[in-house]
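Subject: Structure for your review

Dear colleague,

Please find below the structure I am handing over to you.

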Amino acid sequence: MSVISRFLSSRWGPVLTGVVIGVLAPLLVFWGNPGNMGVCVVCFTRDIAGALGLHRAGVVQYIRPEIIGFVLGAMVSAFAFKEFRPRTGSSPLVRFLVGMFAVFGALVFLGCPWRAYLRLAGGDWNAVFGILGLIVGIGIGIVFLRTGYSLGRSRPAPKALGWVMPVIMVILLVLLLVAPQFGRDAEGNPAGPIFFSTSGPGSQHAPIIVSLVVGLFIGFLAQRSRFCTVGAVRDAVLLRDGRLLYGVLALIVAAFITNLILGQFHPGFEKQPVAHTNMLWNFAGMVLAGLAFTLAGGCPGRQLFLAGEGDGDAAMFVCGMLTGAGIAHTYNMASSPSGPGIYGPMIVIAGLIICIIIGLTMREAKT
Amino acid sequence: MTEVITVDARGLSCPQPAMMTRQALQKLGKGTVEVLVDSPTAKENVTRLAKNAGWTVTVEDSPDGSARIVLRK
């Protein structure tokens with residue numbers, strides 16, 4: 001175990017994690033997941049929000065086993081390497097808020113940073129504008145970090161707190177398995193409480209066991225290697241440390257090669273799966289997401305892995321993402337393949353203003 | 001008596017522990033910096049940063065998972 005631990009914590013840990021994600025994500029598409037969406041933390045959280053009835057966009061409802069696997073795999077890893085450390089108290093309310101705004105931004109682009117890189121590796125050139133926006137958003141976050149931004153200190157918490165998110169994931173897994181048992185009303189419409197898409201991206205998924213095992217494996221590796229798609233850019237700029245960046249580059253290269261082998265590389269702007277071609281809002285959406293993720297200290301995947309090792313603040317961010325996804329699809333903020341939703345541009349601007357206020361005002365309180 | 005700077009990064013999340021350490025190392029240039037952390041991630045990040053900047057690193061682990069990292073140059 002200590003050999004694995006040493007390797008994963010070395011500079012090769014994020015590279016290995018990136019290669020594993022880069023190979024497995026396109027394979028998940030091959031096995032049934034939506035195009036260029038082998039893994040998308042935001043899209044999959046949105047699907048879970050839909051499955052729970054937090055929004056009623058019928059085409060994006062499914063309890064994604066990958067998310068469950070991420071949290072539980074990270075928990076197993078945290079126990080194996082003696083890193084399960086329940087903690088909370090670092091501005092949970094603000095973390096909830098930035099989780100919401102991160103999702104608003106990402107759903108205007110149609111993907112989290114993970115999917116932005118995966119879309120690029122699948123030949124979707126619209127992703128270039130999303131990635132540029134992401135870098136700009138992280139850059140704004142870095143300016144705040146350099147000028148004293150902080151969400152304050154967390155404190156050790158009771159063991160039970162660390163178990164909350166893993167237990168929620170086990171409940172989601174049970175709901176996923178028993179969902180087909182739930183009934184329909186007299187007209188044949190699903191009556192809940194669990195809703196699964198019968199068409200659209202939500203209906204496209206790899207077999208449950210495959211998705212779950214992939215999620216567990218990625219969660220295990222990423223917890224120990226600290227893989228983070230936002231920290232990658234942040235650390236390279238802020239600390240001149242490229243350790244995480246090599247992980248992201250490995251992901252892109254591995255996903256590109258795997259897509260080529262599977263015949264899933266289709267270069268172009270038009271008719272890309274679950275994507276639109278509006279350059280401005282692809283860019284601006286990800287500026288908001290990049291800023292929000294940087295204010296929270298990591299990408300959505302990293303928040304799930306942290307939640308798995310007992311971080312109650314990261315768990316609040318995840319709750320914010322889930323709530324934000326419900327709101328985005330209820331109030332026409334999320335984009336569709338035809339373009340941004342009616343309120344997408346408005347929420348991006350409002351989100352940027354609020355995140356900038358958070359960046360300017362949140363400081364460590366002196367006691 | 002050489003100056004010792006103490007950086008208390010306990011409870012802070014990424015990238016603050018590494019950032020604060022980097023600032024302290026640049027400010028001091030030479031001498032001793034003591035960094036207090038309470039997460040394995042912060043410990044690894046601070047250690048890597050200091051080693052890359054040419055400082056010698058001594059880690060004193062506590063049973064509760066926190067650590068005192070002493071950096072010298």
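How many disulfides does the rule count over all chains? The count comes to 1 disulfide. Please keep in mind throughout that this is a predicted model.

**Cysteines**

The disulfide joins C40(A) and C43(A), whose sulfur atoms lie 2.5 Å apart. The torsion about the S-S bond of this pair is about 65°, so the disulfide is right-handed. Both C40(A) and C43(A) are buried.

C319(A) is partly exposed, its relative accessible area being 28%.

**The contact between chain A and chain B**

Chain A contributes 24 residues to the contact and chain B contributes 19 residues. Between them the two chains bury about 1,800 Å², of which 46% is on carbon and sulfur atoms. On the side of chain A, the residues that lose the most area to chain B are R85(A), R153(A) and L239(A), which together account for 33% of what that side buries.

On the side of chain A that touches chain B, the elements giving two or more residues are α7 (126–146) and α10 (231–238) of chain A. The largest share, 3 residues, comes from α10(A). By class, this side of chain A has 14 charged, 5 polar and 5 nonpolar residues.

**Helix α10 of chain A**

How is α10(A) placed in the structure? Of its 8 residues, 6 are buried, so α10(A) is largely enclosed by the rest of the structure. The buried residues of α10(A) are G231(A), A232(A), V233(A), R234(A), D235(A) and L238(A). Within chain A they pack against α6 (113–121), α7, α11 (243–262) and α12 (279–296), and in chain B against α1 (16–28). After α10(A) comes R240(A), which has a positive phi, near 55°.

Over all chains, the count comes to 17 salt bridges.

In one pair, the side chains of R64(A) and D47(A) meet at 2.8 Å, N to O. This pair links distant parts of the chain, 17 residues apart: R64(A) is in the loop between α3 (41–51) and α4 (65–80) of chain A, whereas D47(A) is in helix α3 of chain A. Both R64(A) and D47(A) are buried.

Another salt bridge is formed by D311(A) and R87(A), with the closest N and O atoms 3.6 Å apart. This pair also links distant parts of the chain, 224 residues apart: D311(A) is in the loop between α13 (300–308) and α14 (312–330) of chain A, and R87(A) is in strand β1 (residues 87–88) of chain A. D311(A) counts as buried at 11% relative accessibility, and R87(A) is buried with a relative accessible area of 7%.

A further salt bridge pairs D124(A) with R119(A), the closest N and O atoms being 2.7 Å apart. D124(A) is buried, with a relative accessible area of 0%, and R119(A) is buried, with a relative accessible area of 0%.

**A loop position in chain A**

Is Q181(A) buried or exposed? Q181(A) has a relative accessible area of 65%, which means that it is exposed. Q181(A) lies in the loop between α8 (159–178) and α9 (208–225) of chain A. Its C-alpha atom is separated by 9.7 Å from that of I194(A), 13 residues apart along the chain.

With kind regards

Methods: Residues are numbered from 1 along each chain as its sequence is written. Chains are lettered from A and ligands numbered from 1 in the order in which they are written. This is a predicted model: local features need pLDDT of at least 70, side-chain atom pairs count only at pLDDT 80 or more; totals for chains, interfaces and linings use all residues. Side-chain values use heavy atoms; hydrogens and water are left out. Contact means heavy atoms within 4.5 Å. Buried area is the accessible area (1.4 Å probe) that two parts lose on being put together, summed over both. Helices (H or I, at least four residues) and strands (E, at least two) are DSSP runs, numbered from the N terminus. Ala, Val, Leu, Ile, Met, Phe, Trp, Tyr, Cys and Pro count as nonpolar, Asp, Glu, Lys and Arg as charged, and the others, Gly among them, as polar. A disulfide is a pair of cysteine sulfur atoms within 2.5 Å. Buried means under 20% relative accessible area, exposed over 50%, partly exposed in between (1.4 Å probe, protein chains only). A salt bridge is a side-chain nitrogen of Lys or Arg within 4 Å of a carboxyl oxygen of Asp or Glu.
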